[in-house]
Amino acid sequence: MSHFIIDCDPGHDDALAILLAARHLPLVGVTTVFGNSSVQNTTRNALAILDAAGLGHIPVASGAAAPLTGEVYTGESVHGKTGLDGANFPASTRTPSPLDAAEFIADAASRYDDLVIIAVAPETNVANAILRFPEVSKRVRHISV
């Protein structure tokens with residue numbers, strides 16, 4: 001079976017995606033991006049979701065705070081100011097990976113020849129990984145959007 005990264009912007013929908021992926025797939029990491037909320041909030045949310053589910057061994061790498069071009073639009077009108085309003089996850093005591101999301105993706109692509117990225121948020125992290133590390137486009141087996 002392949003190894004997987006979930007590239008997401010954890011609001012309520014991505015919380016479920018993370019939990020399902022971690023339960024059924026060999027998840028090697030979660031990368032976060034702006035979208036449902038700021039990247040600071042989505043990163044905090046990803047760490048809290050994983051910790052609450054007993055999955056604190058799965059690393060989280062923070063990524064893009066804005067698109068490559070254009071303005072930032074968020075889903076806070078749906079997901080609330082934190083991106084997870086209404087969910088009461090305890091705050092994580094962990095910190096994100098020292099690698100940013102693009103570096104994390106490139107590193108994983110060099111370690112796993114069967115890497116699949118499941119991108120369920122703005123694809124800015126994937127774009128940054130390919131722009132900064134062109135070999136990623138040849139090393140990643142699939143990108144599912």
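D51 lies in helix 2. Helices here are DSSP runs of H or I with at least four residues, strands are E runs with at least two, and both are numbered from the N terminus.

Residues up to four places away in sequence aside, D51 touches G56, S92, T93 and R94, where contact means heavy atoms within 4.5 Å.

## Basis of the model

Residue numbers start from 1 along each chain as its sequence is written, and the model is predicted, so that local features need pLDDT of at least 70, side-chain atom pairs count only at pLDDT 80 or more, and totals for chains, interfaces and linings use all residues. Side-chain values use heavy atoms, with hydrogens and water left out.

## Overall fold

The protein has six helices and five strands. Along the sequence they follow the pattern β-α-β-α-β-α-α-β-α-α-β. The C-alpha atoms fill a box of roughly 40 × 35 × 25 Å along the principal axes.

For 145 residues, a compact globule would have a radius of gyration near 15 Å, and the 14 Å of the protein agrees with that. The radius is taken over C-alpha atoms, and the globule rule is 2.2 Å times the number of residues to the power 0.38. Buried residues make up 47% of the 145 residues. Of the contacts with a separation of 6 or more, 79% are accounted for by residues 24 or more positions apart.

## Helix 1 against helix 2

The axes of helix 1 and helix 2 (residues 39–52) come within 10 Å and cross at roughly 45°. Axes are lines fitted to C-alpha atoms, for helices over the stretch in contact, and angles run from 0 to 180 degrees between N-to-C directions. Helix 1 and helix 2 are therefore oblique to each other; angles under 35 degrees count as roughly parallel, over 145 as roughly antiparallel, 65 to 115 as roughly perpendicular and the rest as oblique.

The crossing of these two helices is right-handed. A crossing is right-handed if the near helix is turned clockwise from the far one by less than a right angle, and left-handed if anticlockwise. On the helix 1 side A15, I18 and L19 take part, and they meet A46, I49 and L50 in helix 2. By class, this contact has six nonpolar, no polar and no charged residues. Ala, Val, Leu, Ile, Met, Phe, Trp, Tyr, Cys and Pro count as nonpolar, Asp, Glu, Lys and Arg as charged, and the others, Gly among them, as polar.

## Loops at the two ends of helix 1

P10 sits in the loop between strand 1 (3–8) and helix 1. P10 counts as buried because its relative accessibility is 0%. Not counting residues up to four places away in sequence, P10 touches I18, T32, N36, T42, N45, A46, I49, G83 and L84. The C-alpha atoms of P10 and H142, 132 residues apart along the chain, are separated by 22 Å.

L25 is in the loop between helix 1 (12–24) and strand 2 (27–32). With 24% relative accessibility, L25 counts as partly exposed. Beyond its neighbours within four places in sequence, L25 is in contact with M1, F4 and I118. The C-alpha atoms of L25 and M1 are 8.2 Å apart, and the two residues are 24 residues apart along the chain.

Helix 4 (residues 101–111) and helix 5 (residues 124–132) have axes that come within 8 Å and cross at roughly 65°. That makes helix 4 roughly perpendicular to helix 5. The crossing is right-handed. A101, A102, E103 and I105 in helix 4 meet N125, V126, N128, A129 and R132 in helix 5. By class, the contact has five nonpolar, two polar and two charged residues.

F133 is found in the loop between helix 5 and helix 6 (136–139). F133 is partly exposed, with a relative accessible area of 22%. Leaving out residues up to four places away in sequence, F133 touches A102, E103, A106 and N128. The C-alpha atoms of F133 and L55, 78 residues apart along the chain, are separated by 29 Å.

Definitions and conventions. Buried means under 20% relative accessible area, exposed over 50%, partly exposed in between (1.4 Å probe, protein chains only).
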